[in-house]
Amino acid sequence: KEKEKEKEKEKGTTCFTDADVHVYFWFPLLAGLSELTFDPRPEIRRSALEVLFDTLKFHGGSFSPGFWARVYDSILLPIFDHVRAELGDDREDNNSDGGGGGAEASTSGGGGGSSD
């Protein structure tokens, strides 16, 4: 085990924990990107999500389980809660239109033969 630790030090691998020094480094960055995912401009939202998830993908392997718990609670869950709330609002709007099946058509994939 001692040799493994030495190899990690040689590689420059750092384990980010929920210690204050690591939180102060990572959370402003992650929280800022998380906030931008709520921006009304689609290109900003898309870019923020891409950078946020790329950052987590490339650096998340060095996060401790405690640090990941903080990331889930403070960064990721609010994004998914916001999406869920928007989906709920869309469904309510479609049901009140009297159009019948608007929400179903938007989530079922259509079948109109068009593709993105």
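Helices are DSSP runs of H or I with at least four residues, strands are DSSP runs of E with at least two, and both are numbered from the N terminus. Read from that end, the elements of this protein run α-α-α-α-α, which comes to 5 helices and 0 strands.

A word on the model: it is predicted, with local features needing pLDDT of at least 70 and side-chain atom pairs pLDDT 80 or more, while totals for chains, interfaces and linings use all residues. Residues are numbered from 1 along each chain as its sequence is written, and side-chain values use heavy atoms, leaving out hydrogens and water.

Now for the whole protein. Of its 116 residues, 21% count as buried, where buried means under 20% relative accessible area, exposed over 50% and partly exposed in between (1.4 Å probe, protein chains only). Among contacts (heavy atoms within 4.5 Å) with a separation of 6 or more, 58% are between residues 24 or more positions apart. The accessible surface, from the Shrake-Rupley method with a 1.4 Å probe, comes to about 8700 Å², and 53% of that belongs to carbon and sulfur atoms.

Where does Glu 50 stand relative to Leu 33? Their C-alpha atoms are separated by 9.4 Å, and the two are 17 residues apart along the chain.
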